[in-house]
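Walk through this fold one element at a time.

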Amino acid sequence: MQSNPEFMQQAIALATENVVSGRGGPFGAVVVKDGKVIATGVNLVTALNDPTAHAEVTAIRNACQLLETFELDGCDVYTSCEPCPMCLAAIYWSRCRAIYYGNTAADAANVGFDDSFLYVEMKKPLSERAIPIEQMLPDEARASFAAWRDAGTKVVY
């Protein structure tokens with residue numbers, strides 16, 4: 001596993017073109033497998049009215065669709081900016097091998113994309129978070145897990 005500046009240059013170019021074209025924010029990502037770009041993504045939050053349509057998530061969705069799998073073992077993500085908490089979680093859930101980034105979270109904050117609130121919020125106890133969060137109907141909810149536990153058709157992930 002070794003980084004390749006050409007892939008980072010492509011992620012940066014995608015981010016810049018996304019802004020210049022008026023489609024979205026300054027973020028681009030590529031997913032690489034076996035030394036080849038298999039998928040790309042750009043920030044489409046405002047274009048799609050989808051707060052989850054960050055470049056990394058978009059690239060992961062595209063790569064998974066292409067490979068017809070929900071795991072990206074052996075894949076590397078090159079992203080124009082250090083992943084936000086959501087994107088970092090998505091990369092981990094997809095089981096990518098490595099992450100390479102251009103701008104830092106501090107660089108993003110300097111142009112209006114400040115994720116520091118999320119990092120702080122995640123460390124707080126549930127009762128102290130900004131958005132109220134309350135458990136409801138846990139006994140009833142466990143029925144879904146029991147169904148999963150007993151399902152003969154489940155795919156473990």
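**From the sheet outwards**

Strand β1 is mostly covered, with five of its six residues buried. Keep in mind that this is a predicted model. β1 spans residues 28-33 and pairs with β2 in the antiparallel sense, over six bridges. Two of the facing pairs can be picked out by name. G28 stands opposite V42 in β2. V31 stands opposite A39, also in β2.

β1 and β2 form a hairpin, and two residues lie between them. D34 sits in that loop. Its phi is near 55°, a positive value in a residue other than glycine. Is D34 buried or exposed? D34 counts as exposed, because its relative accessibility is 69% and the cut-off for exposed is over 50%.

β3 itself covers residues 75-81.

Now step from β3 to β4. These two run parallel and are joined by five bridges. Y78 stands opposite Y100 in β4. Between the two strands the chain passes through helix α4, residues 85-94. This β-α-β crossover is right-handed.

The four strands form an open sheet in the order β2-β1-β3-β4, and the pairing is mixed. Which strands stand at the edges? They are β2 (36-42) and β4 (98-103). Each has a single partner strand, so one side of each is left without a neighbour in the sheet. On average, neighbouring strands of this sheet are turned by 15° against each other, direction ignored. As a general point, strands of a sheet pair through backbone hydrogen bonds, either parallel or antiparallel.

Next come the helices. α3, residues 55-67, lies across β1, β2 and β3. Its direction is at about 135° to β2. α3 also packs against α4, at an angle of about 25° and with the axes 8 Å apart. That makes α3 roughly parallel to α4, because angles under 35 degrees count as roughly parallel. The crossing of α3 past α4 is left-handed.

Which residues meet at this helix pair? From α3 come E56, V57 and I60. From α4 come M86, C87, A90, I91 and S94.

M86 belongs to α4. Leaving out residues up to four places away in sequence, M86 touches P51, T52, H54 and V57. H54 is 32 residues away along the chain, yet the C-alpha atoms of M86 and H54 are separated by 8.8 Å. M86 is partly exposed, because its relative accessible area is 30% and that class lies between under 20% and over 50%.

R95 has a positive phi of about 65°, although it is not a glycine. R95 is partly exposed, with a relative accessible area of 31%. D34, in the loop between β1 and β2, is the other positive phi to note, at a value near 55°.

One more helix deserves a stop. α6 covers residues 116-123, and E121 is found in it. Is E121 buried or exposed? E121 is buried, because its relative accessible area is 9% and buried means under 20%. Its contacts include R129, A130 and I131, not counting residues up to four places away in sequence.

The protein has seven helices and four strands. Along the sequence they follow the pattern α-β-β-α-α-β-α-β-α-α-α. The C-alpha trace spans about 50 × 40 × 30 Å along its principal axes. Of the 157 residues, 29% are buried. Among contacts between residues at least 6 apart in sequence, 47% join residues at least 24 apart.

Technical notes:
Residues numbered from 1 in each chain as written. Predicted model: local features only at pLDDT ≥ 70, side-chain atom pairs only at ≥ 80, totals over all residues. Heavy atoms only, no water. Pairing = 2+ DSSP bridges. Axes fitted to C-alpha atoms, helices over the stretch in contact; angles between N-to-C directions. Contact = heavy atoms within 4.5 Å. Right-handed = clockwise from strand over helix to strand, strands pointing away. Buried < 20%, exposed > 50% of the residue type's maximum accessible area, 1.4 Å probe, protein only. Parallel < 35°, antiparallel > 145°, perpendicular 65-115°, else oblique. Left-handed = near helix turned anticlockwise from the far one by under 90°.
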